[in-house]
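Here are my notes on the model below. They cover the ligand site first, then the salt bridges.

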Amino acid sequence: MSSLEPIPEKVFAETLAGFLAPVQRLLDDVTVSEILINSPSEIYYEQRGRLYRSDARFESEEDLLSLCQNLAQYVGKTLSYEKPFLEARLPDGSRVAVVAPPAARGSLKVSIRRFARERLRPEQLISWGSATQEVLDFLKACLHCKRNTVVAGGTGSGKTTLLNVLSSFFPDDERIIVMEDVSELQVQKDHVVYLETRPPDHRGRGEVTMRDLLRAVLRLRPDRIIVGEIRGGEAMDLVQALTTGHGGSMTTLHANHAIDAMHRLETMCLMSDINLPVGPLRSQIISAIDVIVQQNRLRDGSRRIVGVYESERIGERGEYVLRPLFQFQYEGLEAGTGRVLGKLVPTGNLPSFADDIEARGFQLPAAMRTARRGGRP
Ligand SMILES: Nc1ncnc2c1ncn2[C@@H]1O[C@H](COP(=O)(O)OP(=O)(O)OP(=O)(O)O)[C@@H](O)[C@H]1O
Ligand SMILES: [Mg+2]
């Protein structure tokens, strides 16, 4: 069985559940989003965006090892000195990742990310302060104008969640093809096709990479493509797919600032075997990517959109020039709770496709409309 498919409920209950008993209480608590096992007696969990130390513990390292080896067996892998990594999914879709010694110091490291059964809706992002109605309306307009969008952010900053919400903004009559390493997205549209990569089997056969999928997808007549996350050389294939007319597509990548997202994309393109000199490569990237949404995990644990940028042009010194469209204005910390105060506001800069937005019947944010009238309110 593929490591990406959830382990069947029955198999799990009969053979694996027992090994997870020490953390069952945390698994049952739907407000716990992540469980992090650093050693048998050092277990943390994340609840509403904050990390806490748990008093749960495994009896011994052997118990932890039994859990991991049983998981490995069910996903048809071995956890060994040569292969100290493992990924598996629990019946509810939660993702388990294991790093074993010697890659991990001391004990086995296990992280369990709960699969959010309830897909977040735009209203929830707004009520949690992660986004504003204004920015979501604007991003919807960008997608309808077929702008290619990258959601950038740190690990666990809510990129995939935001991508999922944004995909609900697509027009209804289009064919959407989703490509992922681990299936996480549930696009709330009628016409959606899901493709998934696959690791090689123990004989090294049958691997399906993101690059394979990106090449195959163009023959499947997508209107839009969604790539769960870009991590390596497949970035080049994506950039090429986007520049050959799949406007309004989306992906996520790991970067803490929008400008880093561009550099990271470039670095990943350079990992590909298509050798393009840096100059032309940058031009391709700038024409492939139109909008960058920066999602961060702030120090109070909250996840928020902290900026929206248009990738504007290549500057005179060959650098990427981004135009900030929305930026988060920090207003300090709330006394007592430590909550980060601030709001995401339009900068007043106009996107180059402002006319297109209005022509399609969308309204620009008020600050942009004012700027358009030459600053007069
Ligand atoms: N806006 C939000 N507010 C609070 N929690 C959120 C928000 N968005 C996502 N989360 C929670 O944060 C965790 C990580 O979310 P998600 O998987 O979307 O992040 P990610 O950036 O894609 O992570 P990764 O780097 O592993 O790909 C999940 O448990 C999710 O439920
Ligand atoms: Mg993700």
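Buried means under 20% relative accessible area, exposed over 50%, and partly exposed in between (1.4 Å probe, protein chains only). This is a predicted model: local features need pLDDT of at least 70, side-chain atom pairs count only at pLDDT 80 or more, and totals for chains, interfaces and linings use all residues. Residues are numbered from 1 along each chain as its sequence is written, chains are lettered from A and ligands numbered from 1 in the order in which they are written, and side-chain values use heavy atoms, with hydrogens and water left out.

1. Ligand 1 is surrounded by 16 residues. The closest are S130, G156, K159, T160 and T161. A residue is near if one of its heavy atoms lies within 4 Å. Domain 1 (9-113) and domain 2 (122-372) both contribute to this shell, so ligand 1 lies between them. The domain bounds come from an automatic or database domain assignment.

2. Check the oxygen atoms of ligand 1. One is 2.5 Å from a polar side-chain atom of T161. Another pair puts a polar backbone atom of G156 at 2.9 Å from a ligand oxygen.

3. The whole structure holds 25 salt bridges (a side-chain nitrogen of Lys or Arg within 4 Å of a carboxyl oxygen of Asp or Glu). D55 pairs with R25 at 3.2 Å. Both residues are exposed.

4. D237 and R215 form a salt bridge at 3.0 Å, N to O. D237 is buried, at 8% relative accessibility. R215 is partly exposed, at 42%. A salt-bridge network links R211, R215, D237 and D273.

How values were computed
A polar contact is a pair of N or O atoms within 3.5 Å; within protein, one must be able to donate a hydrogen and the other to accept it, and residues adjacent in sequence count only if both atoms are side-chain atoms.
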